[in-house]
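Work through the exercises below with the structure in view, and try each task before you read its solution.

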Amino acid sequence: SYPTLAGRTAVVTGAASGMGEATARLLAANGARVALLARRAGRLDELAAKIGADGGQALAVAVDITDQASVDAAADRVRAAYGQVDLVVNNAGVMLPNPIAAGRLDEWSRMIDTNLTGALRVIRAFTADLTGAAAAGRTADLVNVSSIASHVVFPDYAVYAATKAGLTQLSAALRTELGPRDVRVTNVEPGLTETELGGHIDNPELAEQLGGMFAAIPALTAEDVADLIGYTVSRRREVNLRQLLVLPTRQA
Ligand code: NDP
C-alpha cells in the first residue's frame, strides 16, 4: 500500500480497461480521488461504482482524447468536482498493426491522434493544474504510458512504434520544462501485458501472431503495471523515477 497517495487528485485516461482501470483502482484504494477518463461511459460508470463500493472516490468522465473540445469539457468537469489535479496518468492508447505497404492512413491517423496528440491534449488541459499544485507545495506527477515498442522494433508495428518513441521522447523533453517546476514526469514502458489492446487488430494474421506471443510466455498483468505506477508516484517529491521499463521475465 502507498499511504502518501491519500488526498491526491488523479486523472487516469484509458480507465475503461487494462492498465488504466488497474491504475485507477490502485490509486483509489490508496486514498486518491480518481477521475476515470475513456470513451465507454458504461464501463466507467461500472468502475466508479465498484471503487465507491470499496470505499474509494471515483468520477466517471466520458471523453474522446482525439477531440480537443471533449478533453477541455472533461477537464472542466474534473475540476468542478475535485478541484486542482495533481496526478495525471496519460495511459489511453490504441495499437493497430499492419504492413506499411497496406497504406492504412486511417489506422495511422488514429494511432497518432490517440497515442501522441491525444496525450498532448490531456497534457495541455492539465499542465496548469500540475504546476499550480507543485507551486503550492504539493506532489505533482505526469505519467505517460509509452511502450517497449519505442525501443524494440518489429515488422508491421512501425507506426505504433513511432507514436510510442515520440511519447518517450516527449516525456524526456517535458522533464526539462516541468522538473524545474517540481512536477515529476515519468515515462512507463511495459512489455507484453494482458489487456484488451490487441482486440482492435483487424489483420487476422497479426492478431494470431500476437495471440502466439501471449501463449508463449507469461505476460505482465495490468495490475503489475499499476503497482509500479503506484510505487513511482508515491516517492518523496524530490525523487523522480523518470523511466520505468518493465518486461515479462521471459520476454527478450
Ligand atoms: P486497453 O485497450 O485495455 O486500454 C486502452 C484504453 O484506452 C481503453 O480503456 C480505451 O477505452 C482507451 N482509449 C482508447 N482510445 C481512446 C480515446 N480516443 N479517448 C479516450 N480513451 C481512449 O489496453 P492497455 O491497457 O494495454 O493500454 C494502455 C496503454 O498501454 C496504451 O497506451 C498501450 O499502448 C500501452 N501498452 C500496452 C502494452 C500491452 O502489451 N498491453 C504494452 C506496452 C504499452 P475506450 O475504448 O472506452 O475509449
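**Exercise 1.** Work out how strand β2 is joined to β3, and where these strands sit in their sheet.

*Solution.* Start with the pair itself: strand β2 (residues 33-38) and β3 run parallel and are joined by six bridges, where two strands count as paired if DSSP finds at least two bridges between them. Strands (E, at least two residues) and helices (H or I, at least four) are DSSP runs numbered from the N terminus. The model is a predicted one, in which local features need pLDDT of at least 70 and side-chain atom pairs count only at pLDDT 80 or more, while totals for chains, interfaces and linings use all residues. Residues are numbered from 1 along each chain as its sequence is written.

Next, widen the view to the open sheet, in which seven strands with parallel pairing follow the order β3-β2-β1-β4-β5-β6-β9. Because β3 (57-62) and β9 (243-246) each have a single partner strand, they stand at the edges, and one side of each is left without a neighbour in the sheet. On average, neighbouring strands of this sheet are turned by 15° against each other, with direction ignored.

**Exercise 2.** Describe how helix α4 packs against helix α5.

*Solution.* Two packed helices are described by the angle between their axes and the distance between the axes. For α4 (residues 105-135) and α5 (residues 158-178), the angle is about 10° and the axes are 9 Å apart; axes are lines fitted to C-alpha atoms, for helices over the stretch in contact, and angles run from 0 to 180 degrees between N-to-C directions. That makes α4 roughly parallel to α5, a term that applies to angles under 35 degrees.

Then look at the contact, which includes Trp108 and Met111 of α4 and Val159 and Tyr160 of α5, contact meaning that C-beta atoms, placed from the backbone, lie within 7 Å. Its residues divide into eight nonpolar, three polar and one charged, with Ala, Val, Leu, Ile, Met, Phe, Trp, Tyr, Cys and Pro counted as nonpolar, Asp, Glu, Lys and Arg as charged, and the others, Gly among them, as polar.

**Exercise 3.** How many residues surround the ligand, and which element gives the largest share?

*Solution.* The ligand is surrounded by 31 residues, the closest being Gly14, Gly18, Arg39, Arg40 and Gly93; a residue belongs here if its C-beta atom, placed from the backbone, lies within 6 Å. The largest share, three residues, comes from α1.

Notes
Angles under 35 degrees count as roughly parallel, over 145 as roughly antiparallel, 65 to 115 as roughly perpendicular and the rest as oblique. Two residues are in contact if their C-beta atoms, placed from the backbone, lie within 7 Å.
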